[in-house]
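Me: I would like to learn how to read the packing of a protein model. Could you take me through it step by step?

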Amino acid sequence: GSITEPKKLVEEAKLRLSKVDVLINNAAAFLKKPFVELTLQDMQHIYNVNVFAPTLLVKDLLPYLSINSHVVNISSMGGVTGAQKFKSLLPYSSSKGALNNITECLAVELEEKQVFCNALALGSVATEMFNQEFPEQKAASTPAVMAKYVANFALNAAPVVNGKVISVSNSTP
């Protein structure tokens with residue numbers, strides 16, 4: 001993933017849609033690497049995908065977001081202050097923490113437009129990424145169960161919930 005991909009999505013949306021009711025920013029990059037081995041390029045790649053791309057996508061889609069549109073950023077318990085942290089996950093966890101803060105800021109920025117922004121900080125879900133990076137651990141949820149939860153939240157939480165980072169986990173990670 002790169003920060004140019006949101007531009008492609010926006011162009012596709014312009015061709016197919018007159019408005020966007022729900023935007024779920026779910027794409028993510030993950031890196032498991034000891035802190036002492038991290039490079040600037042490692043950090044830039046993770047932040048490009050996990051922070052800059054979703055932020056710029058919201059900005060580029062702003063003309064298509066209407067009253068009561070809902071932006072849902074998929075975050076991680078690793079990005080929640082006070083939640084358990086794990087070695088070698090600094091880029092991923094810190095990028096999700098940044099996305100959480102951006103979500104809170106966007107809720108304020110877009111309040112006048114009546115666009116709602118929330119983040120769901122998910123615990124472990126048995127995605128391909130999780131299973132590859134944590135083969136020794138059993139995830140607390142399945143993609144199908146989590147997808148149903150996220151879809152329900154995206155369609156029904158706004159305008160009741162705005163500017164919140166909601167922990168969605170029955171375990172850590």
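This is a predicted model: local features need pLDDT of at least 70, side-chain atom pairs count only at pLDDT 80 or more; totals for chains, interfaces and linings use all residues.

Me: Which residues touch the most other members of the largest nonpolar core?

Reply: A nonpolar core is a set of buried Ala, Val, Leu, Ile, Met, Phe, Trp, Tyr and Cys residues joined through side-chain atoms within 4.5 Å, where buried means under 20% relative accessible area with a 1.4 Å probe, protein chains only. Here the largest has 15 residues, and Leu23, Val58, Leu61, Val71 and Cys117 touch the most other members. Its largest share, 3 residues, comes from α2, helices being DSSP runs of H or I with at least four residues. A second, separate core of 12 residues includes Val72, Ile74, Leu122 and Val168.

Me: How do the axes of α2 and α3 lie relative to each other?

Reply: Axes are lines fitted to C-alpha atoms over the stretch in contact (heavy atoms within 4.5 Å), and angles run from 0 to 180 degrees between N-to-C directions. The axes of α2 and α3 come within 9 Å and cross at roughly 20°. That makes the two helices roughly parallel, a term for angles under 35 degrees.

Me: Which residues of α2 and α3 meet?

Reply: Among them are Met43, Ile46 and Val58 in α2, and Leu90, Leu99 and Leu106 in α3.

Technical notes. Residues are numbered from 1 along each chain as its sequence is written. Side-chain values use heavy atoms; hydrogens and water are left out. Buried means under 20% relative accessible area, exposed over 50%, partly exposed in between (1.4 Å probe, protein chains only). Angles under 35 degrees count as roughly parallel, over 145 as roughly antiparallel, 65 to 115 as roughly perpendicular and the rest as oblique.
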